[in-house]
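Here's a quick tour for anyone about to open this model. Keep the viewer handy as you read.

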Amino acid sequence: MGGNRDPGVRDTAGCGTPVGCWTWRGRCGSGSFKPRRSASLIRKRKRRPPRPGSAPRLRVWGCKVQGRWVLVLGAGCRWGVQSTWVHRAGVQSARCRGAGHGGAGSDGAGGQLWGHKTHGRSILGAQTGSPQPLPPSRPPTLEAEMEKDPNYLQDAAKAVAGDRLGAEGTEAQLDDFVGAQSDYNEEEEEQKYFRRKRLGIMKNVVAASLAGMLTYGVYLGLLQMQLILHYDETYREVKYSNIQLEDIDRKVLMGINVTPIAALLYTPVLIRFFGTKWAMFLAVGIYALFVSSNYWERYYTLVPSAVAIGVAIVPLWASMGNYIMRMAQKYYEYVNYKEEHVQEQQRPPRGACNTYIIIFQTVFYACFHLSFVCAQMPMLFFLNNYLYQLNHTLYNIKHCGTLSHGTLSGFNTTVLQSLPRSVNLIIVESALMAAAFLAMLTVLVLCGSAYQPMEEIDLRSIGWGNIFQLPFKHMRDYRLRHLFPLFIYSGFEELFVCTGFSLNYGVCALGLEKLAYLLMAYGFSASLCSSLALSMLRLRRQIPLLAGAFIHAALLVTLFCWAPQPRLVVQAPLLYTIAVLWGTGSALNKTSISILLGMLYEDKERQDFIFTIYHWWQALAIFTVYLWSELPMKAKLSIMLATLAVAVGAYLWMEHKLAQHVAYRLPRIPRPRLRMHGYCYLEEDDSDETGSESDGSNDDNDERPTESASRDELPEDENQLG
């Protein structure tokens with residue numbers, strides 16, 4: 001190669017490329033470049049001969065030799081120049097001779113290499129001369145140089161001294177560029193990162209809770225307003241005399257209450273197919289569709305949207321419960337990110353996430369119960385202005401409370417003293433539609449994903465047939481079977497407070513205009529008393545659940561023995577007290593059940609199945625309440641009291657069996673059957689799939705579960721089955 005070779009650079013590839021240095025390749029005339037921090041090792045490539053007529057390749061490399069950084073510029077592979085880079089821009093070393101440096105009078109393939117520091121970063125630049133390199137000539141002798149320039153030796157000495165100073169400055173600049181920053185604290189940055197992650201989890205929980213509150217509040221508020229309007233005989237005759245609106249309302253209620261019976265068949269498949277977040281978003285969108293259908297009240301708009309609501313009820317609340325559980329588990333991981341089982345993505349010790357499960361479920365139900373308050377806004381600010389007073393609406397009512405039959409028999413069929421204008425109805429429905437749309441945006445924008453992408457792939461890769469069967473197989477677990485009566489009572493009491501108590505007790509005594517205040521008292525009480533579930537952080541988990549059951553049992557006995565007088569407003573304090581206490585019991589009941597399910601089933605592969613079963617039994621209970629609407633009040637209260645007694649007994653028996661370490665039976669989660677599309681698992685031991693056989697089934701549980709095979713294959717020890 002032309003020019004003098006720097007003695008500190010070791011050529012290993014025959015092209016002047018040193019070992020252990022960084023390199024940059026480009027075309028001649030490519031201008032300047034910025035070396036990356038990570039470019040500390042060169043890639044050894046097989047040399048390719050240049051194509052005819054193409055510009056010579058430009059290469060720049062450098063390494064640290066004898067405490068000095070040496071950068072080399074070369075054009076082409078066989079022809080080129082080498083120079084030691086100095087700090088001053090455009091200054092070449094005196095030792096760089098030969099093929100030329102692109103200066104005046106040089107017609108060979110040369111180049112200039114310079115550097116400067118801009119905004120704290122070292123910028124390296126290179127330029128090439130003529131694109132046609134010349135063969136290297138023999139280096140001139142000292143006598144010839146002295147004949148041309150008598151001061152040649154003095155200039156060379158000055159250039160070498162400047163070269164050494166420039167090399168030292170180069171070393172400092174490159175160390176500043178590629179070296180570790182002195183002010184970087186890795187532990188502090190890691191803490192900041194996981195602090196942001198924890199704040200994101202809290203944002204997800206609050207956003208999901210507010211979305212559930214808005215969705216259910218809009219649904220209840222619109223349904224309540226439309227049922228009251230459609231009940232009025234004058235309203236039906238004047239506005240919808242030819243479409244039989246009363247019959248449409250019956251079919252709407254049937255669609256909402258009957259359709260969820262089939263939810264156990266499709267809910268797990270829906271959640272696994274779309275993912276937890278997108279299942280929530282889809283269900284909230286269906287609720288928004290129900291709101292929009294009320295702009296044009298016809299059979300072909302109201303009934304299909306009601307059926308869609310029935311389809312979406314169980315997937316919405318099952319995905320919500322699963323989402324809150326996953327957020328609690330992820331929050332635990334971000335708090336304990338230094339633990340070995342978290343870093344290696346293994347299952348945490350049993351009960352490790354219980355604190356966060358209690359807190360997050362409490363936050364969710366505190367927001368959810370406010371939906372009963374939000375649902376009364378249309379009636380409070382709009383519909384109450386058009387209602388008759390209680391002396392007119394309750395004129396024909398003879399008995400209330402425990403002496404009543406059906407749903408407020410004898411209630412006047414005319415409840416509106418003036419008909420609301422269509423424009424006002426559109427404004428109210430538009431406000432409800434905006435709230436539903438806001439709930440959709442909250443889920444879409446503010447709620448993060450519940451699982452990592454690879455986790456979701458593994459969850460749905462176990463096979464759709466297995467996903468369909470696993471909810472039924474989980475019902476063989478005695479812990480879940482003993483909680484079925486509690487699930488049923490949870491559905492009973494939720495609908496009873498909205499229909500049986502509020503109508504046959506509250507409206508019958510105080511009038512329809514006080515219905516909103518009665519349900520608001522229930523909602524506020526339930527929201528505030530949800531925080532009582534935090535006592536599970538200090539007390540045993542049975543205490544809040546049994547306290548809620550005891551409160552409801554006392555209220556059921558009171559309601560069974562009490563028949564308020566019609567149109568007697570002085571009974572209002574007692575009715576409001578019952579509503580507040582009922583809200584307290586409901587809050588303890590629902591929050592404790594969700595927390596209990598989270599404590600018993602910590603595996604992320606099972607949570608969507610468990611919450612699907614829970615809300616499916618609730619939907620069955622709500623359907624039962626819909627069917628018994630014409631029964632006497634004493635029969636309804638007797639059924640609820642008997643169900644509560646059975647639920648408490650079954651729950652206590654389950655806790656007793658767990659205390660005796662009776663093994664429970666869990667179905668085996670099949671291993672993911674992944675189809676290789678762009679990725680594959682190299683070895684079974686190195687796989688990150690979330691199978692349930694190897695990682696977690698043999699942990700240090702208080703109760704040792706027994707898992708059956710995917711095809712109902714029983715374990716050898718039959719005594720371990722629950």
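Predicted model: local features only at pLDDT ≥ 70, side-chain atom pairs only at ≥ 80, totals over all residues.

Numbering runs from 1 along each chain as its sequence is written, and side-chain values use heavy atoms, with hydrogens and water left out.

Helices (H or I, at least four residues) and strands (E, at least two) are DSSP runs, numbered from the N terminus. Buried means under 20% relative accessible area, exposed over 50%, and partly exposed in between (1.4 Å probe, protein chains only).

**Salt bridges**

- The count comes to 15 salt bridges, each being a side-chain nitrogen of Lys or Arg within 4 Å of a carboxyl oxygen of Asp or Glu.
- Arg-347 pairs with Asp-603 at 3.5 Å, N to O. Arg-347 sits in the loop between helix 9 and helix 10 and Asp-603 in the loop between helix 20 (572-600) and helix 21 (607-627), so this bridge ties together parts that are 256 residues apart in sequence.
- Arg-347 also bridges to Glu-605, with the closest N and O atoms 3.4 Å apart. Glu-605 lies in the loop between helix 20 and helix 21 and Arg-347 in the loop between helix 9 and helix 10, so here the parts tied together are 258 residues apart in sequence.
- Arg-347 is partly exposed at 22% relative accessibility, while Asp-603 is buried at 18% and Glu-605 is buried at 4%.
- Arg-347, Asp-603, Glu-605 and Arg-606 are linked in a salt-bridge network.
- Elsewhere, Arg-479 and Asp-477 meet at 2.9 Å, N to O; Arg-479 is buried at 1% relative accessible area, and Asp-477 is buried at 0%.

**Cavities**

- There are seven cavities of 30 Å³ or more. On a 1 Å grid over the protein atoms alone, a cavity is a set of points where a 1.4 Å probe fits but cannot get out, and lining residues have an atom within 4 Å of a point.
- The largest cavity has a volume of about 100 Å³, taken as the space filled by probe spheres set on the grid points, which are joined across faces, edges and corners.
- Its lining includes Leu-222, His-230, Asp-249 and Phe-290.
- Helix 3 (186-231) and helix 5 (245-258) each supply at least two lining residues, with helix 3 giving the largest share, five.
- By class, the lining has six nonpolar, three polar and one charged residues. Nonpolar covers Ala, Val, Leu, Ile, Met, Phe, Trp, Tyr, Cys and Pro, charged covers Asp, Glu, Lys and Arg, and the others, Gly among them, are polar.

**Nonpolar surface patch**

- Residues including Phe-273, Trp-278, Phe-437 and Trp-464 belong to a nonpolar patch with about 910 Å² of accessible area together. Helix 6 (263-274), helix 7 (276-293) and helix 14 (422-446) each give two or more residues, and helix 14 gives the most, five.
- Patch members have over 30% relative accessible area and no salt bridge, and nonpolar side chains (Val, Leu, Ile, Met, Phe, Trp, Tyr) are joined within 5 Å. Areas come from the Shrake-Rupley method with a 1.4 Å probe, and for residues only the protein chains shown count as cover.
- Trp-278 is in helix 7 and is partly exposed at 41%.

**Single residues worth a click**

- Gln-345 has a positive phi of about 55° without being a glycine, lies in the loop between helix 9 (340-343) and helix 10 (354-368), and is exposed at 68%.
- Thr-643, in helix 22 (residues 633-659), is 154 residues from Tyr-489 in sequence but 6.2 Å away in space, C-alpha to C-alpha.

Key
1 Å grid on protein atoms, 1.4 Å probe; cavity = no way out; pocket = protein on both sides within 12 Å on 5 of 7 lines; lining within 4 Å. Patch = residues over 30% accessible without salt bridge, like charges linked within 9 Å, V, L, I, M, F, W, Y side chains within 5 Å.
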